[in-house]
Amino acid sequence: MAANDVYVYDFAEGNKDMADLLGGKGANLAEMTNLGLPVPPGFTITTEACRAYLSTGREPDGLREQVETHLATLEEARGKRLGDAADPLLVSVRSGARFSMPGMMETVLNVGLNDESVAGLAAQAGGDERFAWDSYRRLIQMFGKTVCEVPGEEFEHALDEAKRARGTENDLDLDAGDLRALVDEYKKIFAKHAGREFPQDAREQMDLAIRAVFESWNADRAVLYRRQERIPADLGTAVSVVAMVFGNLGPDSGTGVAFTRDPASGTQGIYGDYLANAQGEDVVAGIRNTIPLQELERLDKKSYDDLLGIMATLEGHYRDLCDIEFTIEQGKLWMLQTRVGKRTAAAAFIIAGQLVDEGLIDLDEAARRVSGAQLGQLMFPRFDLSGKPKSLAKGVGASPGAAVGKVVFDAARAVELAKEGEAVILVRRETNPDDLPGMIAAQGILTSRGGKTSHAAVVARGMGKTCVCGADTLEVDTRAKKFTVDGQEVAEGDVISVDGTTGRVYLGEVPVRPSEVVRYFEGESTSTEDPLVTAVHRIMTHADEKRRLRVRTNADTGQDAARARRFGAEGIGLCRTEHMFLGDRRELVERLILARTDTERQAALDALLPLQRADFVEIFEAMDGLPVTVRLIDPPLHEFLPSLEELAVSVAVAHERGEKAGKTEALLAAVRRMHESNPMLGLRGVRLGLVIPGLFGMQVRAIAQAAAECARRGGNPRPEIMVPLVGAVQELETVRAEAERIISEAGAREVSIGTMIEVPRAALTSGQIAEAAEFFSFGTNDLTQMAWGFSRDDVEGAFFWRYLELGIFGISPFESIDRDGVGRLVRIAVDEGRAARPDLKLGVCGEHGGDPESVHFFHEVGLDYVSCSPFRVPIARLEAGRAAIETAAASDSR
């Protein structure tokens, strides 16, 4: 980068639309400054500077000089100088990425203090030595942990020891002498672990803190959080350097976090936490239980009234729920941060509806502010309390949901048990960023401290995890791996149930019931029964009006088809016929496989025909008037037989006993004859239909006869026959010729014939294949396997975790479509298929059809429909609408 690049901006030079450059925190500090709100002066170092530092390992040319210039402006504004022993300027050095990553990166407060200036700080505060030494010990603790990787628990143990010596559990009871002694102890801890004395030069402190914030972008927990939240890894973080204002100056000072609406429920009102005589980290860390924000009115009415006015200003300006951090310094209110607040899924829908009613946004914007992932969270079950389970404890419902699992007390144990398939609840006094792996692994989170603004609450809401905070009757002993409530002990491994809506905790497993949102989709709940269902109904109706993509379902039974139709499915995009060969019908499949003559084979097929026909009648009736795409049998036939190992053992045991193995030996011979090293690339799909005479013909006949029967009954069946695993047009032409003859004989009408695009060669020759196909349906599961050379059943557990860890994957390509590789194959097939046959119908029936990100891709490339499991149909409907809205907005802005 050139030396004349601008890397530093004063707050007055930025605005909220510069978040890519200034990070969310820096951009919003600039916006509040320009709104005339009381923001301490400061400057922001850009994400470009961070990226340059991370790529080269050194500061970019010109950065140090620009920081020097802006620091001088800040010193002039405050009338103090960094490092001045008599009248020191102190600053905070804060991280701030483009997207909110609460607690994942670093912040250092009180930068600029040293052994000399601590006396000057006390003088500034009217001789308050306690305040000065409290600020100094906080600097050493935060600087040591953040900049020099000193173990944080070392400082915490020293603080606990100081409180024990004083006979208190509250750090506010430590006097100036206690804190001075604690600073000496902290400096010893620092020197022991850092290999140097605590730096006394104020500018060195600031420079080292800035570099530490840059480096925290690639800290393990930040990387893990980005992966969880799908935040790109190459953005970098900005760094804001802000003049310190002090909430730890006595009872007329304090710090707090406020929300303009309840982030858990969306209810309008005054929500937040306040902590007197404290600095900001105390609130989010939950080290002391806060008081409700409403209590501030009694303590400091002027600051309270000023805060409410600013909250109203910010919500009107941002047109959204705002999350605000503030400090009161001896009766003066200062704004330290605002951002569009993280919220629960329920709150997202409710708030979006409220803002429409208030005229702040329209329905298009309301749909853009919710997501399919959030809708999916709302469809999870809730606790059934009809049995009136006894509540063990109650805290703050910080993130809704019903979580049941075994109690664990540390993140590593949570990860370990989760890998073994156990459901766990992570229990802590309070969480910190190092707990993130355990929070991800756990079904729910329970803390004895903190509130709706604590680290646990904010992170859990962002992830959609059930969370209860501030259950202060819990005595959590992490070393003994137990917690106690009213004398009752709950040990690691005991099962508890956590209700993130009510904040209640129950001993044992509480049963669950369907959510109100699922009941609404099932037609059992009207849109007027509660505000959440009303909001969901309203936004879903709008999304359906806007979307171009149709949404079908993957269903193999009439029951699944009927449920999907209630959920809004507009047909079936994938009916797997192989599922119809399981259960009691295995014996008929065995007869087919063991057949040695054409007569025996035909007898087996004749026995299967009426069973298949009845299956299709049931499905066509459930989806009457809507298209039903039936995939002819896809997997290898030997998958319907017992395993090779089981049969070999049975035959060997029979021989050992001198018994005849009979049918088992015949089955073994058949399995050995058909066994393949890699059956996913073997005799399956269209290949099976061409090799086993009459197999596909029987299925086509069953489909055609079922359609004719439904039509005779007055129905309107719309079957579509899909030939799987086609790689060459000649395969499809051969199957099509036989199918058309059978359909004509059965008297069925309007049965279209198409193919799955799941072999890369099919995508690359789609122009040829389209000449014999009336529709394509992308089987993205197989297409992904074959494009990557992965066996899905094997690789996800074998090495995907390492690929995710190394950043080769941002997310599994089986979960969200690989746009660059598999997506390019889809684009080629769409373009060349439609060029050959303009009326070619295009859909997708792999798991990606219900993935929110993938739905947007399928909208972009011009598919006609997506198909997914019944439960994901509403999610796909919403995302299809959002995709259309976003496309229209992008077009309007050009």
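Between which strand and which helix does the loop that holds Asn114 lie? The views below, taken from a predicted model, begin with this residue.

View 1. Asn114 sits in the loop between strand S6 (107-111) and helix H4 (117-124). With a relative accessible area of 9%, Asn114 counts as buried, because the cut-off for buried is under 20%. Leaving aside neighbours within four places in sequence, Asn114 is in contact with Tyr136 and Gln200. Towards Gln200, the side chain of Asn114 reaches the backbone oxygen at 2.8 Å.

**View 2. An open sheet of eight strands.** The strand order is S14-S24-S23-S16-S17-S18-S19-S15, and the pairing is mixed. Strand S14 (391-394) and strand S15 (396-399) are the edge strands, and each of them pairs on one side only. On average, neighbouring strands of this sheet are turned by 30 degrees against each other, with direction ignored. Within the sheet, strand S16 (residues 402-408) and strand S17 (residues 424-428) run parallel and are joined by three bridges. Lys406 stands opposite Val424 in S17.

**View 3. The barrel and the link between S32 and S33.** Eight strands close into this barrel in the order S26-S27-S28-S29-S30-S31-S32-S33, with parallel pairing. From one strand to the next, the twist averages 30 degrees. S32 and S33 run parallel and are joined by two bridges. The bridge partner of Gly843 is Tyr865 in S33. Helix H28 packs on the sheet, where it touches strand S29 (718-723) and strand S30 (752-757). The direction of H28 makes about 150 degrees with that of S30.

**View 4. Thr629 in strand S28.** Strand S28 covers residues 627-631, and Thr629 lies in this strand. Is Thr629 buried or exposed? Thr629 is buried, because its relative accessible area is 0% and the cut-off is under 20%. The side chain of Thr629 makes a polar contact with the side chain of Arg552, at 2.9 Å. Not counting residues up to four places away in sequence, Thr629 touches Arg552, Ile572, Gly573, Leu574, Cys575, Glu720, Met722, Phe775 and Tyr865.

**View 5. Helix H27 against helix H28.** Two packed helices are described by the angle between their axes and the distance between the axes. For helix H27 (residues 695-712) and helix H28 (residues 729-746), the axes come within 9 Å and cross at roughly 35 degrees. This crossing of H27 and H28 is right-handed. On the H27 side, the contact is made by Phe696, Gly697, Val700, Arg701, Ala704, Gln705 and Ala708. H28 contributes Val735, Glu738, Ala739, Ile742, Ile743, Glu745 and Ala746. The residues of this contact divide into nine nonpolar, two polar and three charged.

**View 6. Helix H35, mostly covered.** How many of the 10 residues of helix H35 (residues 852-861) are buried? Eight of them are: Pro852, Ser854, Val855, His856, Phe857, Phe858, His859 and Val861. Among the helices that cover these buried residues are helix H15 (372-378), helix H31 (780-788), helix H34 (822-836) and helix H36 (873-893). The cover also includes strand S32 (841-844) and strand S33 (865-868). Just after H35, Gly862 takes a positive phi of about 95 degrees.

Conventions. Residues are numbered from 1 along each chain as its sequence is written. This is a predicted model: local features need pLDDT of at least 70, side-chain atom pairs count only at pLDDT 80 or more; totals for chains, interfaces and linings use all residues. Side-chain values use heavy atoms; hydrogens and water are left out. Two strands pair if DSSP finds at least two bridges between them. Helices (H or I, at least four residues) and strands (E, at least two) are DSSP runs, numbered from the N terminus. Axes are lines fitted to C-alpha atoms, for helices over the stretch in contact, and angles run from 0 to 180 degrees between N-to-C directions. Buried means under 20% relative accessible area, exposed over 50%, partly exposed in between (1.4 Å probe, protein chains only). A polar contact is a pair of N or O atoms within 3.5 Å; within protein, one must be able to donate a hydrogen and the other to accept it, and residues adjacent in sequence count only if both atoms are side-chain atoms. Contact means heavy atoms within 4.5 Å. A crossing is left-handed if the near helix is turned anticlockwise from the far one by less than a right angle, and right-handed if clockwise. Ala, Val, Leu, Ile, Met, Phe, Trp, Tyr, Cys and Pro count as nonpolar, Asp, Glu, Lys and Arg as charged, and the others, Gly among them, as polar.
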